[in-house]
Amino acid sequence: MNVRCLSKVSQKEIRGRVFLVRVDLNIEAGEEKNAYRIKATLPTLRYLLEHHAKIVLMSHRNRPHFSAAEIRNPNLEIRKKMRAFSLRPFAGILSKKLGTGVKFVPHFDFEKIEIQIKEAKPKSIFLLENLRFIAGEEKNDSKLAAQLASLGDVFVNDAFAVSHRADASIAAITKCIPSYAGLLLEEEIINLDRAMKEYGHPLTIILGGAKISDKVGVMKYFWNKADHFLVGGGPANTFFAVQGIPMGKSLVDTNAMPLIRKYVGKKKVVLPCDVESDKGIILDIGPETVKYFSEIITNSNTIIWNGPPGFFEKKGFESGTKEIWKAIFKNKRAHIVVGGGETVTSGKLISNFKFQISNSRNVFLSTGGGAMLDYLSGKKLPGIEALRR
Ligand code: ADP
Ligand code: MG
């Protein structure tokens, strides 16, 4: 792999140094404690601690858009909003998971923070406040990047899910100090590259979820490589709409209709042969489709899955998604990549999901949604390009 990786940095170069680690703590309120994204980044943090580094964690959370004046002098209402966007809750959660105190830094007084870090012992961990409280973050501002870089010696990107964005703490910062991919980002690249370049046939792509416009890039990239596209959810409805089938109130991605016209009627594109609906609205794939999809999944050697095939959050319409998971776990041979916010969350339909995942070394759960789709579309991600040798 031609990406500079933390795993290749010598122990000597880690000891006592300050590592700025960009993680992805963009986690909804209420989900903080069980977030897969936190678990996925722990190996990098543990690795740095084992080698006696100091760590400064950086992340964004959601899309707060406050003015500089509001941040400097927040009124009660702004304060309340800021709390909902704050990264503060993660200090306690990470402390517990890592077994060592994580100090939260609520301000962006970089000179003060620098002194605080300098005076700290090796293996200390700091967590900065939501970087999107600063306007420069989303503008890839080089001044902000330099300020962040002044806090440490080495930058590590472990936030795959944000790597499709040219943000200051993802892209511009790599121009300031030596920069590497963290253990999680490295895993993501290895697993996605394998599915894109070293795949075995049959290669099957499962596409469901809401909008197919987000996923057309993947169809295009894999059109000549893949053997099957199993299509469910909103994307299947959109195919039906292009075929002229009246879809009523079913979820259809109208904007994408012209984009998929060329794939309609092609043998590789496998559409549901039966569906489950509620008052005429199609909400899941039917049992015959489940059987047929499962058979193809069982016989595949490479599988990429994004998007649940049904509205699994609604009782009575979860079975398509649940059965796809079962078929995935039954296949112990294929290299399987599953990604997307809702797709990964839908794993909760399987009662022993965590056990199944940890016992299925051939199944890789990507932490990326948009980033994964961009990567699998063959696009260059600014956060990853910046780490290339
Ligand atoms: P991901 O976040 O995994 O990339 P998407 O964001 O594309 O997936 O879409 C996920 C959502 O699509 C789920 O919340 C699911 O309920 C919804 N969905 C799937 N099939 C349907 C359907 N037939 N009708 C309405 N919503 C659907
Ligand atoms: Mg989603």
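Predicted model: local features only at pLDDT ≥ 70, side-chain atom pairs only at ≥ 80, totals over all residues.
1. **One strand pair in detail.** Within this sheet, β7 (residues 203–207) pairs with β8 (residues 228–231) in the parallel sense, and four bridges join the two. If you want a residue pair to look for on screen, I205 stands opposite F229 in β8.

2. **A helix over the sheet.**

3. **Two helices packed together.** Helix α2 (residues 36–50) packs with α5 at an angle of about 65°, and their axes are 11 Å apart. The crossing of these two helices is right-handed. On the α2 side the contact is made by I38, L42, L45, R46 and L49, which meet F90, I93, L94, K97 and L98 in α5. By class, the residues of this contact divide into eight nonpolar and two charged, with no polar ones.

4. **The second largest pocket.** Helix α5 turns up again here: α4 (76–85) and α5 (88–98) each supply at least two residues of the lining of the second largest pocket. The volume of this pocket is about 350 Å³. Its lining has 14 residues, and those closest to the centre are M82, R83, R88, P106 and E129. With three residues, α4 gives the most to the lining. How does the lining divide into nonpolar, polar and charged residues? There are eight nonpolar, two polar and four charged residues.

5. Searching the whole structure gives one cavity of 30 Å³ or more. The largest cavity holds about 40 Å³ of space. Its lining consists of V23, D24, R37, T41, D158, A159, F160, A161, L184 and T367. Sorted by class, this lining has five nonpolar, two polar and three charged residues. As background, rolling a probe the size of a water molecule over the atoms shows where empty space is left.

Technical notes:
Residues numbered from 1 in each chain as written. Chains lettered and ligands numbered in written order. Heavy atoms only, no water. 1 Å grid on protein atoms, 1.4 Å probe; cavity = no way out; pocket = protein on both sides within 12 Å on 5 of 7 lines; lining within 4 Å. Points joined across faces, edges and corners; volume = space filled by probe spheres on them. Nonpolar A, V, L, I, M, F, W, Y, C, P; charged D, E, K, R; others polar. Axes fitted to C-alpha atoms, helices over the stretch in contact; angles between N-to-C directions. Left-handed = near helix turned anticlockwise from the far one by under 90°. Contact = heavy atoms within 4.5 Å. Pairing = 2+ DSSP bridges.
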